[in-house]
2 protein chains.
Amino acid sequence: MRGFIIICLIVMEVLEVKAQDIMNKDQMLVRISEIEVYPEYLEEYLSFALTVGATSVQKEPGVIAIYPMIQQRDSCQVRILEIYANDEAYKHHISTEHFLTYKKGTLHMVKSLDLVDMIPMNPKTMSDIFRKM
Amino acid sequence: MRGFIIICLIVMEVLEVKAQDIMNKDQMLVRISEIEVYPEYLEEYLSFALTVGATSVQKEPGVIAIYPMIQQRDSCQVRILEIYANDEAYKHHISTEHFLTYKKGTLHMVKSLDLVDMIPMNPKTMSDIFRKM
């Protein structure tokens, strides 16, 4: 039993170090995707977007957060806050099956798409900013 | 000593319940503030924005997150993701001294301001979305 606990502690330590590697906050890619959807496809598009976001955060260690929102004043205006650990994590993300399914499945639903890369003003304090989540 | 531990556990339980009350995710106010700053005031503005964001998250239980970013392609374009527990938390926020200091101090630095209220697409899974933060 004691051996098992020690192994668990070592595994936790390794995972912690790995998580810190992934989360080098200076290398993060932060983006607000600004998407306008054709009204007739809105519901179907939102279902696609929701699925791909949840799957990506769950399955890809380098996808830190994908937070999709729609404007209250115009529900065809979708904004997605996307945070990737680094460029490699993003490149991996757009090569996954779940992303390609979303991309191909929604191409005809999207009127316009603007990928706006952002610089977070305080990457070091990000965990404090989002701790209440 | 045992009594002290029991009191600590009760306090933790109460705090937990309080946090859950605050975080009724259907009542959350989610906003992307779109701000254009005059270039000559950019640095000063960013310092103000950073301070008020950090102070608000730290001091106000109802301020869930304030995440300021600037566009890579145009550093005068600031976007702030703001998440409040509910309308009351927001009303309280804009009455605080730190917010009023920011507001009055930066009024002449801001060229345009658009407060765009958003509907988060999956409020229930928000903790999963941001768990890697």
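**Note on the predicted model: strands, rings and contacts**

1. In strand S3 of chain B, Ile83(B) is the bridge partner of Ala65(B). Strand S2 (residues 63-71) of chain B and strand S3 (residues 77-84) of chain B run antiparallel and are joined by seven bridges. Two strands are taken to pair if DSSP finds at least two bridges between them. Helices (H or I, at least four residues) and strands (E, at least two) are DSSP runs, numbered from the N terminus. A hairpin of five residues leads from S2(B) to S3(B).

2. On the basis of the values: this is a predicted model, in which local features need pLDDT of at least 70 and side-chain atom pairs count only at pLDDT 80 or more, while totals for chains, interfaces and linings use all residues. Residues are numbered from 1 along each chain as its sequence is written, chains are lettered from A and ligands numbered from 1 in the order in which they are written, and side-chain values use heavy atoms, with hydrogens and water left out.

3. How many residues of S2(B) are buried? Nine of the nine are, so this strand is largely enclosed by the rest of the structure. Here, buried means under 20% relative accessible area, exposed means over 50%, and partly exposed lies in between (1.4 Å probe, protein chains only).

4. S2(B) also takes part in pairing between the chains: three bridges join it, in the antiparallel sense, to strand S4 of chain A. Within this pairing, Ile119(A) stands opposite Ile70(B).

5. Pro120(A) belongs to strand S4 of chain A and, at 11% relative accessibility, counts as buried. Its contacts, leaving aside neighbours within four places in sequence, are with Met28(A), Val30(A), Tyr67(B), Pro68(B) and Met69(B); contact means heavy atoms within 4.5 Å. Pro120(A) and Leu29(A) are 91 residues apart in sequence, yet their C-alpha atoms are 9.1 Å apart in space.

6. Leu115(A) lies in the strand S4 of chain A as well. Is Leu115(A) buried or partly exposed? Its relative accessible area is 39%, which means that Leu115(A) is partly exposed. With neighbours within four places in sequence set aside, Leu115(A) is in contact with Arg31(A), Ile32(A), Ser33(A) and Tyr90(A). From Leu115(A) to Tyr41(A) the separation is 74 residues in sequence and 20 Å in space, C-alpha to C-alpha.

7. Two of the residues that Leu115(A) contacts, Arg31(A) and Tyr90(A), are also related to each other: Arg31(A) lies over the face of Tyr90(A), at 4.7 Å from the ring centre. In chain B, Arg31(B) lies over the face of Tyr90(B), at 4.8 Å from the ring centre. A charge sits over a ring if NZ of Lys or CZ of Arg is within 6 Å of the ring centre and within 35 degrees of the ring normal.

8. Six aromatic pairs are found over all chains when the whole structure is searched. Among them, Phe99(A) and Tyr102(A) form a tilted pair, 5.9 Å centre to centre with 55 degrees between the planes. Rings of Phe, Tyr and Trp (its six-membered ring) pair if their centres lie within 6.5 Å; planes under 30 degrees apart count as stacked, over 60 as edge-to-face and the rest as tilted. Both residues lie in helix H4 (residues 97-106) of chain A, three residues apart, about one turn of the helix. Phe99(A) is buried at 14% relative accessible area, and Tyr102(A) is buried at 12%. Tyr45(A), Phe99(A) and Tyr102(A) make up one aromatic cluster.

9. Helix H2 (residues 42-59) of chain B has 18 residues and spans 26 Å from its first C-alpha to its last, close to the 26 Å expected at 1.5 Å a residue. The expected span is 1.5 Å times one less than the number of residues. Buried residues of H2(B) include Leu42(B), Tyr45(B), Leu46(B), Ala49(B) and Val52(B).

10. As to chain A overall, there are five helices and four strands, in the order α-β-α-β-β-α-α-β-α from the N terminus on. Of its 133 residues, 47% are buried.
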